[in-house]
Amino acid sequence: MVAPAPKIPVPDDVADAVRTLLRWAGDDPSREGLIDTPKRVARAWREYCQGYGEDPAHHLSRVFEEVGGYDEIVLLKDIPFQSHCEHHMAPIIGKASIAYLPENLVVGISKLARVLHGFARRLQVQERLTAQVADCIWEHLKPRGVAVVIEASHACMTARGVRTPGVGMVTSRMMGTFREDERSRKEVLALMGY
Ligand SMILES: Nc1nc2c(ncn2[C@@H]2O[C@H](COP(=O)(O)OP(=O)(O)OP(=O)(O)O)[C@@H](O)[C@H]2O)c(=O)[nH]1
Ligand SMILES: [Zn+2]
């Protein structure tokens with residue numbers, strides 16, 4: 001279970017900004033149902049963007065060496081995530097598959113998801129999110145290869161603008177062996193289900 005976000009104090013100017021947005025949307029911020037909305041929205045945005053308060057690389061600091069010489073692909077497949085696009089601050093909802101080819105070090109598998117969420121809980125474009133996750137694992141785990149594939153739906157495309165639901169954006173970043181060797185790339189993509 002996810003613990004409720006702590007009720008941090010909300011500065012007046014932040015609450016005022018949400019009231020302005022409510023008026024801009026066409027509603028009356030002083031009506032009963034909206035009285036507490038500015039504080040809720042302010043706290044919700046701190047939660048959506050809590051990745052700014054962490055260094056995702058920190059999750060990769062605890063590594064294991066005793067894995068019986070295992071040197072094949074390690075894949076965490078279809079990790080659900082949420083982010084927000086930096087253009088419209090609208091939700092990005094999708095799944096990521098993250099794989100690496102260990103050299104000597106492996107990491108607790110949950111940490112790959114933690115790295116993803118650390119970068120996703122910021123304002124993003126999907127290309128940068130994909131690159132940041134891959135680069136972080138490459139740099140801090142020093143594996144022989146990293147492959148990250150992200151598939152997501154952007155609310156700025158489905159709920160507004162072009163209003164085209166059912167469209168998935170797919171981005172990938174291949175590093176090391178997965179970039180250089182076509183067979184390894186095909187193998188990892190097949191394991192991911194592509
Ligand atoms: N490459 C990329 N584009 C994104 C991402 N998220 C949103 N966008 C796009 O960012 C673009 C912003 O385009 P603009 O023309 O500045 O904004 P807009 O007038 O609101 O555009 P429309 O969405 O087409 O109405 C849009 O085409 C979005 O679909 C992303 O993660 N990566
Ligand atoms: Zn957008």
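Cys 156 has 16 C-beta neighbours inside 10 Å and counts as partly exposed, a class that lies between buried (20 or more other C-beta atoms within 10 Å of the residue's own, placed from the backbone) and exposed (12 or fewer). Cys 156 belongs to helix α5.

A word on the model: it is predicted, local features need pLDDT of at least 70, side-chain atom pairs count only at pLDDT 80 or more, and totals for chains, interfaces and linings use all residues. Residues are numbered from 1 along each chain as its sequence is written, while chains are lettered from A and ligands numbered from 1 in the order in which they are written.

| Residue | Element | C-beta atoms within 10 Å |
|---|---|---|
| Cys 85 | strand β2 (residues 74–85) | 18 |
| Cys 156 | helix α5 | 16 |

Cys 156 touches Cys 85, among others; contact asks for C-beta atoms, placed from the backbone, within 7 Å. Beyond four places in sequence, the contacts of Cys 85 also include Ala 90, Ile 92 and His 154.

Which residues does the UniProt annotation "binding site" cover? That unreviewed entry lists Cys 85, His 88 and Cys 156. They span 72 residues in sequence, but no two of their C-alpha atoms are more than 7.9 Å apart, so they gather at one spot. Such annotations may be inferred rather than shown by experiment.

Around ligand 1 we meet Cys 85 and Cys 156 again, along with others including His 87 and Glu 127; these residues have a C-beta atom, placed from the backbone, within 6 Å of the ligand.

Key
Helix = DSSP H or I, 4+ residues; strand = E, 2+ residues; numbered from the N terminus. Contact = placed C-beta atoms within 7 Å.
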